Amino acid sequence: MVSRHRFALLVLASFLLLAIARGTVRHEPDAAYPAMAAAVATAVRAQAAVGDRLIGPEYTAITTTLGPLAAKKLSLHPDSAALAVRYLLAAGIGPGDRVAVNFSGSFPAVNIAVLAAIQAIGAEPVITSSVGSSTWGASDPDYTWLDIEQTLVAGGIWPWRSAAASVGGVGDVGGGLTPEGVAAARAAIRRTGVSEMRPADLDEAVALRLAAYRRDGQLPVALVNVGGSHVIFGRRGHDSPLRQALTAGYSPLRRVADGLAAPFVDNNRPVIHFLNIGQLAAANGIEADNPPGTSAVMYTRTVPAATRLATVVWLAAAVWALWYGGRRKEWWRGPCR
């Protein structure tokens with residue numbers, strides 16, 4: 001059996017090798033870096049056009065649910081646009097593709113990031129929105145997400161606005177809002193000149209969006225959703241199996257029974273879903289203190305071939321030493337005589 005002393009030496013040497021190997025890892029711009037950088041730059045310009053109104057009041061007449069202020073602040077990081085580029089490219093979206101987009105007012109900065117990414121890769125969005133917002137979102141009844149869209153178009157950021165909008169809330173019929181809240185949401189729709197969707201129930205809310213997306217009877221090649229509106233999940237709400245980030249490739253395990261994502265998943269069309277912003281940011285190296293354009297999501301890590309070879313050789317040597325040392329006492333002193 002290998003002595004504790006020799007085993008400790010092997011472990012210590014392994015940690016030393018690991019530290020040396022980590023120092024050789026190269027951080028290089030991702031292959032999509034040009035598109036990511038363009039999207040981040042556009043997001044920065046768009047946010048500047050809107051100013052400090054991307055985080056609205058905590059609670060107003062159009063507030064639908066609770067949302068942590070920390071997540072709303074983190075959502076302002078423009079590198080979310082780079083993440084959106086990564087997902088869109090992974091979904092196979094390219095120049096000229098039509099992309100269905102569904103927004104709520106909960107994360108207006110992420111809405112901006114998605115549109116900046118779509119612009120950077122040359123795709124075309126078809127947007128539907130709901131006016132309702134969680135706390136600290138586009139929750140000012142006098143300056144909703146639809147008003148932000150107008151600001152961005154007037155500022156020459158891009159030409160896109162929502163093709164249709166609803167009040168939002170439970171069932172997409174204003175559930176949970178007061179009559180004053182529903183009236184304020186409808187006033188925003190009228191004020192901005194967007195076509196209003198007035199569904200009778202959740203099924204009709206989904207059908208109205210699909211009708212807005214279709215061209216010649218065909219759905220766009222993918223769906224991007226931002227926020228946790230009732231429409232995206234369907235009747236099961238947040239218990240729906242729809243996962244965050246990119247869902248691509250049909251699988252019965254990924255099938256969702258109803259909601260806006262269902263017809264896309266069932267027809268093998270990718271769905272990109274942004275909701276838990278803190279979790280997405282952490283998983284992709286987007287930290288609040290990172291200067292724009294420097295987050296890990298924009299870079300790839302490459303391990304040199306020499307490092308990989310040295311690691312394999314060391315692991316083989318360590319296994320041999322443990323095995324041989326356990327079979328032959330004093331093996332390091334050479335052959336027994």
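Six kinds of numbers aside, the lining of the largest pocket sorts into 6 nonpolar, 17 polar and 1 charged residues, where Ala, Val, Leu, Ile, Met, Phe, Trp, Tyr, Cys and Pro count as nonpolar, Asp, Glu, Lys and Arg as charged, and the others, Gly among them, as polar. This is a predicted model, in which local features need pLDDT of at least 70, side-chain atom pairs count only at pLDDT 80 or more, and totals for chains, interfaces and linings use all residues. Residues are numbered from 1 along each chain as its sequence is written, and side-chain values use heavy atoms, with hydrogens and water left out.

The largest pocket holds about 490 Å³ of space. Of its 24 lining residues, Thr-64, Thr-65, Gly-228, Ser-229 and His-238 come closest to the centre. A pocket here is an open set of points on a 1 Å grid over the protein atoms alone, where a 1.4 Å probe fits, with protein on both sides within 12 Å along at least five of seven lines; lining residues have an atom within 4 Å of a point. The volume is the space filled by probe spheres set on the points, which are joined across faces, edges and corners.

Turning to the helices (DSSP runs of H or I, at least four residues, numbered from the N terminus), α2 (residues 33-50) packs on α4 (residues 80-90) at about 140°, with the axes 8 Å apart. Axes are lines fitted to C-alpha atoms over the stretch in contact, and angles run from 0 to 180 degrees between N-to-C directions. That makes α2 oblique to α4, as angles under 35 degrees count as roughly parallel, over 145 as roughly antiparallel, 65 to 115 as roughly perpendicular and the rest as oblique. Ala-35, Met-36, Ala-39, Val-40 and Ala-43 of α2 touch Ala-81, Ala-82, Val-85 and Arg-86 of α4, contact meaning heavy atoms within 4.5 Å. By class, that's 8 nonpolar, no polar and 1 charged.

Definitions and conventions: Helices (H or I, at least four residues) and strands (E, at least two) are DSSP runs, numbered from the N terminus.
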